[in-house]
Amino acid sequence: TNRIEITTEDAAGNRASRTLNVVRGDGVAEARLAISRQKIELGDLPLSVNVRLDLTDPNGQPVNGVTVVFSISPPGLPTETYEAVTVDGSARWDDVAIPREGAVRGNGFVTARAELGAGFAAASATKPFTIE
């Protein structure tokens with residue numbers, strides 16, 4: 001919170017004051033990443049998962065029109081990437097296929113990165129998942 005105090009005086013010497021409190025965010029955008037399944041049975045493959053990134057600006061407002069680069073790295077399989085644009089503060093990558101062939105038990109992860117433009121740091125998030 002930033003406090004601004006304003007005082008004015010007219011030609012007759014009448015004074016008036018007012019204090020205004022301005023609340024701003026912390027200067028950092030927030031990226032929240034979700035994946036539809038965090039535990040996957042190897043025997044259930046092939047299957048698809050859904051990934052979603054919710055993005056808010058430093059003041060907590062949804063960010064629209066920003067390109068988000070998603071990547072998924074399942075254990076034993078090559079990393080795949082996908083681009084989406086935020087709408088109402090969200091970007092989605094639906095029906096991400098995880099094939100059976102080449103997959104192994106272990107830990108994988110999904111990442112998302114959004115470039116917010118000049119004056120802002122990129123926002124990113126990572127979410128782990130497991131193939132058991």
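Leu 20 lies in strand S2, residues 15–22; strands (E, at least two residues) are DSSP runs, numbered from the N terminus. This is a predicted model, in which local features need pLDDT of at least 70 and side-chain atom pairs count only at pLDDT 80 or more, while totals for chains, interfaces and linings use all residues. Residues are numbered from 1 along each chain as its sequence is written, and side-chain values use heavy atoms, with hydrogens and water left out.

Leu 20 counts as partly exposed because its relative accessibility is 46%; buried means under 20%, exposed over 50%, and partly exposed in between, with a 1.4 Å probe and protein chains only. Together with Ile 4 and Ile 6, Leu 20 makes a nonpolar surface patch of about 260 Å². In such a patch, residues have over 30% relative accessible area and no salt bridge, and nonpolar side chains are joined within 5 Å. A salt bridge is a Lys or Arg side-chain nitrogen within 4 Å of an Asp or Glu carboxyl oxygen.

## The open sheet

An open sheet of 5 strands has mixed pairing and the order S4-S10-S9-S6-S7. Two strands pair if DSSP finds at least two bridges between them. Strands S4 (39–40) and S7 (80–85) are at the edges, each pairing on one side only.

S9 (residues 106–114) and S10 (residues 123–131) run antiparallel and are joined by 9 bridges. Ala 114 stands opposite Ala 123 in S10.

## The largest nonpolar core

The largest nonpolar core has 32 residues, and Phe 70 and Ile 98 touch the most other members. Such a core is a set of buried Ala, Val, Leu, Ile, Met, Phe, Trp, Tyr and Cys residues joined through side-chain atoms within 4.5 Å. S3, S5, S6, S8, S9 and S10 each give two or more residues to this core. S5 gives the most, with 5 residues.

Key. Helices (H or I, at least four residues) and strands (E, at least two) are DSSP runs, numbered from the N terminus. Patches are made of residues with over 30% relative accessible area and no salt bridge: like charges are joined within 9 Å, nonpolar side chains (Val, Leu, Ile, Met, Phe, Trp, Tyr) within 5 Å. Accessible areas come from the Shrake-Rupley method with a 1.4 Å probe; for residues, only the protein chains shown count as cover.
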